[in-house]
Amino acid sequence: MHHMKTEVYFIRHAESDISIKNDMERPLTNDGKNNSIKIVEKFNKIIFENIYSSPYKRTIQTIEPLAKRQNKEIIIIDDFRERKIGNVWIDNFEEFSKRQWENFNYKLDNGESLFEVQKRNIKNLEKILLKNKGEIIAIGTHGTALSTIINYYNRNFGYEDFKQLVPIMPYIVRFAFEEDKNIEICEI
């Protein structure tokens, strides 16, 4: 029996303006905008069936040029949003992040654990895989959210791996699936 291969390109947002503290509204920097345009060139030989995104401004802005070029509506999936840290601004992000990776259930008040982030991301990814069998799709995402997705399919992916991708913006990873079974993960 021939299995249908589905390809999912996760596109982590380009550089955003961290002087804007509101996580949802944080826009791309000019550099970020320029790099988003370069994504279009990367995919000039690939036609996407659907393009999905987190509801955050920086992810939408990152995949907008690609969606425009391919004449696609960006489908917003609320559950692809980034992990909620809590109601406080964290100065020592590295220490907090490390604690979360060491304990997938660790979270601050009003925040999310990595396990919770992973659960909602995977649940929605699996829905999308059912809907787009055998297709090629793109999903606009975030560093931590994407890392929990990689970790779900590759348990060896941990804090040190996450740290390496933190400065890479945009960061693109291609996942291949047969049905809902992951058969490949590779950086683009």
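# Salt bridges and strand pairing

Reader: How many salt bridges does the count come to?
Author: The model is predicted: local features need pLDDT of at least 70, side-chain atom pairs count only at pLDDT 80 or more, and totals for chains, interfaces and linings use all residues. Residues are numbered from 1 along each chain as its sequence is written, and side-chain values use heavy atoms, with hydrogens and water left out. A salt bridge is a side-chain nitrogen of Lys or Arg within 4 Å of a carboxyl oxygen of Asp or Glu. By this rule the number of salt bridges is 11.

Reader: How many residues apart are R174 and E7, which link distant parts of the chain?
Author: The side chains of R174 and E7 form a salt bridge, with N and O at 2.8 Å. R174 lies in strand β5 (residues 171–178) and E7 in strand β1, strands being DSSP runs of E with at least two residues, and helices runs of H or I with at least four, numbered from the N terminus.

Reader: Is R174 buried or exposed?
Author: Buried means under 20% relative accessible area, exposed over 50%, and partly exposed in between (1.4 Å probe, protein chains only). E7, the salt-bridge partner of R174, is at 16% and therefore buried. R174 has a relative accessibility of 11%, so its class is buried.

Reader: Which class of accessibility does K107 have?
Author: K107 meets E116 in a salt bridge, N to O at 2.9 Å. E116 is at 30% relative accessibility, and so partly exposed. At 39%, K107 is therefore also classed as partly exposed.

Reader: Why is strand β4 largely enclosed by the rest of the structure, and how many of its residues are buried?
Author: β1 (residues 5–12) pairs with β4 in the parallel sense over 6 bridges, where two strands pair if DSSP finds at least two bridges between them; I11 is opposite G140. Strand β2 (residues 50–53) is also parallel to β4, joined by 4 bridges, and N50 is opposite I137. Strand β4 spans residues 136–141 and is largely enclosed because the number of buried residues, out of 6, is 5.

Reader: Which residue in the hairpin of β5 and β6 takes a positive phi?
Author: β5 and strand β6 (residues 181–187) pair in the antiparallel sense over 6 bridges, with F177 facing N182 of β6 as its bridge partner. The hairpin has 2 residues between the strands. The residue with a positive phi, near 55°, is E179.

Reader: What distance separates the C-alpha atoms of I172 and R12?
Author: I172 belongs to strand β5. With a relative accessible area of 5%, I172 is therefore buried. I172 and R12 are 160 residues apart along the chain, yet their C-alpha atoms are separated by 6.2 Å.
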